[in-house]
Amino acid sequence: MERHRIMIEEERILRKEREEEERMLPGQVTRTTAEPRHNAYIPDDGGMGVPKSYGAHSQFQPTKLGSNMRHIRKPQPKPIEI
């Protein structure tokens, strides 16, 4: 019984800490678990190595393959005859 009361009290304290942390964040901040994407690249033209932004055409990041890919055959390239 005592252990249960202590667990409930600890959960209440953690919940209050989380709520306080969320109040501290500005309203525009979005919490996410998504993997961040690159928004700039370093050009290879021999410059200073300063990153340039992609602008409106950001880098494409494909999704991970699903489990149904095991049913799809890999393409067999035909040999090139000259």
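**A close look at one patch**

Modeller: Let's take the nonpolar surface patch that Leu65, Met69 and Ile72 make, about 320 Å² of it. Patch members have over 30% relative accessible area and no salt bridge; nonpolar side chains (Val, Leu, Ile, Met, Phe, Trp, Tyr) are joined within 5 Å, like charges within 9 Å. Areas are Shrake-Rupley values with a 1.4 Å probe, and for residues only the protein chains shown count as cover. Bear in mind that this is a predicted model: local features need pLDDT of at least 70, side-chain atom pairs count only at pLDDT 80 or more, and totals for chains, interfaces and linings use all residues. Residues are numbered from 1 along each chain as its sequence is written, and side-chain values use heavy atoms, with hydrogens and water left out.

Start with Leu65. You'll find Leu65 in the segment after strand E2, which covers 52-53 (strands are DSSP runs of E, at least two residues; helices are runs of H or I, at least four; both are numbered from the N terminus). Leu65 has 67% relative accessibility, so it counts as exposed (exposed is over 50%, buried under 20%, partly exposed in between, with a 1.4 Å probe and protein chains only). Met69 is also in the segment after E2, but at 35% relative accessibility Met69 is partly exposed. For a sense of reach, go back from Leu65 to Met48: that's 17 residues in sequence, yet the C-alpha atoms are 37 Å apart in space.

The protein chain has one helix and two strands, in the order α-β-β from the N terminus. Its radius of gyration is 26 Å, well over the 12 Å that the globule rule gives for 82 residues, so the chain is more spread out than a compact globule (C-alpha atoms only; the rule is 2.2 Å times the number of residues to the power 0.38). Along the principal axes, the C-alpha atoms fill a box of roughly 85 × 45 × 20 Å. The chain exposes about 9,200 Å², with carbon and sulfur atoms supplying 55% of that.

Now for the charged side of things. There are 15 positive and 13 negative side chains, with the centres of the two sets 9 Å apart. Lys and Arg count as positive, Asp and Glu as negative, leaving out His and the chain ends; each charge is placed at NZ of Lys, CZ of Arg, CG of Asp or CD of Glu.

Some of those charges pair up, giving three salt bridges (a side-chain nitrogen of Lys or Arg within 4 Å of a carboxyl oxygen of Asp or Glu). Glu2 bridges to Arg5, with the closest N and O atoms 2.4 Å apart. Those two sit three residues apart in helix H1 (residues 2-24), about one helical turn. Glu2 is partly exposed at 44% relative accessible area, while Arg5 is exposed at 52%.

Further along, Glu9 and Arg12 meet at 2.8 Å, N to O. They too lie in H1, three residues and about one turn apart, and both side chains come out partly exposed, Glu9 at 38% and Arg12 at 38%.

Finally, Glu20 forms a salt bridge with Arg23, the closest N and O atoms being 2.7 Å apart. Again the spacing is three residues in H1, about one helical turn. Glu20 is partly exposed at 40%, whereas Arg23 is exposed at 57%.
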